[in-house]
Amino acid sequence: MAVNSTQTRTRSNARAGRSPKTPATPAASTRRTRPGRVSPAPPHPVPIAGSRPKPSASAAEVVQAYLKVQVAKLRSLEPKVRADEFDSVHQMRVTTRRLRATLRSFGMVIPRSATGKVAGELKWLGGLLGEARDGEVLPRHLLASLEAVPVELLIGPVQARVQGHFAPLRASAREVVIEALDSERYAVLLGDLDQLTHDPPRGPQAAAPARDVLPAAVRKAYRQAKRRMRRARQAPRGQARDVALHEARKSARRTRYAAEAARPASGKPARTFARQMKKVQSVVGDHQDTVIARQAARDLGIGAHLAGENAFTYGLLHEREHDQAERLQARARTVWKKASRPRHRTWMR
């Protein structure tokens, strides 16, 4: 799929959990209200109590601190989602995933048996946010692909059909998200998360030093990602490989988040390793985008055909996405090989 560099960076940033950089504006930089007078800079956010544990902290203190930061972020994103701010749905979805991954990865610190309900509710919320996010990303993805198609190959009202197809889907998904945020179920989830961050249940390794406990949990997550990447590499081309890569992506993402949580105790090595896993997650995530885009192109083509339109361009889009998927599969193998070098994993005892 041929897209320009700006569009590629935007989608990669969104997939990896990064917010795209925006150009400086008068509101974002120092702004003069009148000659000779400069408006004051916005105040720094108030630090979250207990969110900066020392390197010598216990495993429970470090995990609890990470959970506090993510719950605070979840709350801060709610008004942005309600206001339909750009990328807010995606960021909220990422936050639910970070919370779920933390509960899953550190079961010896906070028992999974005590967090199953919260994890299930986070999955529910993340699923709704995912539907809304797809309604935002897919049309942009397809329209960006169409910009690279020669005009003589754009047969029929292709752009209009893409926009017309996804607009009601996005509106419906957004309505579902807002209803969820207004629900008692969401209020209960927030209450449970607050309780979890202030007084979490203690597992058998909760009191042990974080530097002795958390690296092992990251290593366990890494080994699962390694197995799944091998399985994807060996899977036959087509749907089987697509599914296997999607599973590998989820494991790489969980490994990344676990390493991020362990950073206060393990320092720079954990941060470096998390960045490597982020690269893997980004590439395999871009591959998953092509899988979804191919299905969308097929559905759009069928709709165009049934409406008496020429479906040629949708077939062309499908083929471009297929070619891009092949390139991303090769890229994923290269990125994984670099990310899994022993020097990135020596801190995991």
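Beyond its neighbours within four places in sequence, Y186 is in contact (heavy atoms within 4.5 Å) with L74, E78, M92, W124, L125, A180 and L181. A second, separate core of 13 residues includes V158, A293, A296 and A297. Y186 itself, with V109 and L214, is among the residues that have the most contacts inside the largest nonpolar core, which has 70 residues. A nonpolar core here is a set of buried Ala, Val, Leu, Ile, Met, Phe, Trp, Tyr and Cys residues joined through side-chain atoms within 4.5 Å. Buried means under 20% relative accessible area, exposed over 50%, and partly exposed in between, with a 1.4 Å probe and protein chains only.

## Basis of the model

The model is predicted: local features need pLDDT of at least 70, side-chain atom pairs count only at pLDDT 80 or more, and totals for chains, interfaces and linings use all residues. Residues are numbered from 1 along each chain as its sequence is written, and side-chain values use heavy atoms, with hydrogens and water left out.

## The largest pocket

The largest pocket has a volume of about 780 Å³. Its lining is made of 30 residues, and R97, R100, K123, K250 and R253 are the closest to its centre. Two or more lining residues come from each of α3 (88–105), α4, α7 (210–234), α8 (239–266) and α9 (268–306). Helix α4 gives the most, with 11 residues. By class, the lining has 14 charged, 11 polar and five nonpolar residues.

A pocket is an open set of points on a 1 Å grid over the protein atoms alone, where a 1.4 Å probe fits, with protein on both sides within 12 Å along at least five of seven lines; lining residues have an atom within 4 Å of a point. Helices are DSSP runs (H or I, at least four residues), numbered from the N terminus.

## The second largest pocket

About 460 Å³ of space lies in the second largest pocket. Among its 20 lining residues, Y66, V69, Q70, E260 and R263 lie nearest the centre. Helices α2 (59–82), α8 and α9 each supply at least two residues of this lining, and α2 provides the largest share, seven residues. The classes are 10 nonpolar, eight charged and two polar residues.

## A119 in helix α4

A119 is found in helix α4 (residues 112–147). With a relative accessible area of 22%, A119 is partly exposed. The C-alpha atoms of A119 and L103 are separated by 7.3 Å, and the two residues are 16 residues apart along the chain.

Conventions: Grid points are joined across faces, edges and corners, and a volume is the space filled by probe spheres set on the points. Ala, Val, Leu, Ile, Met, Phe, Trp, Tyr, Cys and Pro count as nonpolar, Asp, Glu, Lys and Arg as charged, and the others, Gly among them, as polar.
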